[in-house]
Amino acid sequence: MKYLDEFGDPAIARALLDDIARIVTKPWAIMEICGGQTHTIIRNGIDQLLPGGIELIHGPGCPVCVTPLETIDRAMAIAALPGVIFASFGDMIRVPGSSVDLFQIKASGGDVRIVYSPLDAVRIAQANPDKQVVFFGIGFETTAPANAMTVQLAKQLGLRNFSLLASHVLVPPAITAILDSPRRRVQGFLAAGHVCTVMGMGEYLPLVEKYHVPIVVTGFEPLDVLQGIRMVLVQLESGRAELENAYPRAVSAEGNLAAQAVVRDVFTVCDRAWRGISVIPDSGWRVADKYAEFDAELRFDVSDIKATESPLCHSGEVLQGFLKPNQCPAFGQECTPRKPLGAPMVSSEGACAAYYHFRRIQTPATA
Amino acid sequence: MCLGVPGRIDKIWQGDGVRMAAVDFGGVRKEVCLEFLPDIEVGDYTIVHVGFALTKLDEKSALETLELMRSVGLLDEEFGLVADPNEGLR
Ligand code: SF4
């Protein structure tokens, strides 16, 4: 078992796997929501270490991947404008828009800058009063407080040259959409630990009750993922559906109240189109009206952009767990990390990138 | 970009109206905003996501996670220290 050495503590990994093998009596399908968990599963071969019949379905938990194409195209249009400094997380730079990516905008003269923290974008605005600085604020609930803070800070500092292009997505409405889908196969969920570090666990209780589905909150390290899977399987095998926490060292029931307060102040819930999937009601956050002057979508007139997705890319099906990445006909052929057709091949959380980097090249025998 | 990385708070100061800290991630040092953890102190460990401390973490868990992340190259990836297709932009 070459992978077991890479679990941090191989003895615990072995014990968890033995326990899983002991309790499982029938096939089950579990979805992991977080892209970091997907990478761990593929890197450590967790899907291959589990008993046959236990399927891990990769969920839509890569924020870069689900950022709508229209928003990416708007980002390109703004970034190409003279007098604009466009700041973004590094993951977005190679994400293909309808015709170009941010890297190409940069190569043809756009001032595109990678930042590690959203606060860096505010500092760039302070240092460049004669330029309009736009920060591309994407992400799940984990990233939203940091992005929201830029707006509060820009207001506090009286900056007139900073705005946020916000495209946030929320996990619970996505789980609801997956559970409501007529093609639903998922029987239990691993929820994303760091999302719950911010938001707490309360939003998942109604889902557990309404759909009678086990949800276990866990982290993205190999032992956390294994422990989460074990807890979901114990519930499934005993017919229980509960909300459990496999990641108590970083997740409390109430979450981070200070972070939630900033998000509530700066953002408003909105419908959001998830790239390749569809519009999911109430599944996003946008800049609230009271901060309209910091909303890049209002500051720059980019609303009538029409986006066209590559006809070869099946990212929507991959993101909903209907296709494994290596079942996409373009995987590793027309689509590679150097020449990506879709976002899941470039993002560090994307499922296609995970399969490519960890050499899951051949199509699996069972689908 | 989506990961949370544990680190140790080395120094705290007030910068432009926000509480900031120098955080050591097993040798890599970064400036981190503490606005979401008003009570955290020098010497504490915290999980940091895109430059913001999100929650306190015990030392043992923090060090184990850091070591694991280092061993599979995630630290370099998270802090943009690896050669990748974005090369030349950093
Ligand atoms: S392999 Fe490429 S083309 Fe296929 S779904 Fe993934 S990103 Fe899209």
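Contact here means heavy atoms within 4.5 Å. Helices are DSSP runs of H or I with at least four residues, numbered from the N terminus.

This is a predicted model, in which local features need pLDDT of at least 70, side-chain atom pairs count only at pLDDT 80 or more, and totals for chains, interfaces and linings use all residues. Residues are numbered from 1 along each chain as its sequence is written, chains are lettered from A and ligands numbered from 1 in the order in which they are written, and side-chain values use heavy atoms, with hydrogens and water left out.

**Helix pairs in chain A**

Two packed helices are described by the angle between their axes and the distance between the axes. Axes are lines fitted to C-alpha atoms, for helices over the stretch in contact, and angles run from 0 to 180 degrees between N-to-C directions.

| Helix pair | Crossing angle | Axis distance |
|---|---|---|
| α1(A) and α12(A) | about 20 degrees | 10 Å |
| α7(A) and α8(A) | roughly 25 degrees | within 8 Å |
| α8(A) and α13(A) | roughly 55 degrees | within 8 Å |

Angles under 35 degrees count as roughly parallel, over 145 as roughly antiparallel, 65 to 115 as roughly perpendicular and the rest as oblique. A crossing is left-handed if the near helix is turned anticlockwise from the far one by less than a right angle, and right-handed if clockwise.

Start with α1(A), residues 10–23, and α12(A), residues 222–238. Their angle makes them roughly parallel. The crossing is left-handed. On α1(A), the contact residues include A:I12, A:L16 and A:I20; on α12(A), they include A:L226, A:R230 and A:L233. By class, this contact has eleven nonpolar, one polar and three charged residues. Nonpolar covers Ala, Val, Leu, Ile, Met, Phe, Trp, Tyr, Cys and Pro; charged covers Asp, Glu, Lys and Arg; the others, Gly among them, are polar.

Next come α7(A), residues 118–127, and α8(A), residues 144–156. They too are roughly parallel. Here the crossing is right-handed. A:P118, A:L119 and A:V122 supply the α7(A) side, and A:M149 is among the α8(A) residues they meet.

**Chain A with chain B**

The contact takes 47 residues from chain A and 40 from chain B. About 3,500 Å² is buried, 67% of it from carbon and sulfur atoms. Buried area is the accessible area (1.4 Å probe) that two parts lose on being put together, summed over both. In chain A, A:Y116, A:F220 and A:R249 lose the most area, together 18% of what that side buries.

How values were computed. Helix = DSSP H or I, 4+ residues; strand = E, 2+ residues; numbered from the N terminus.
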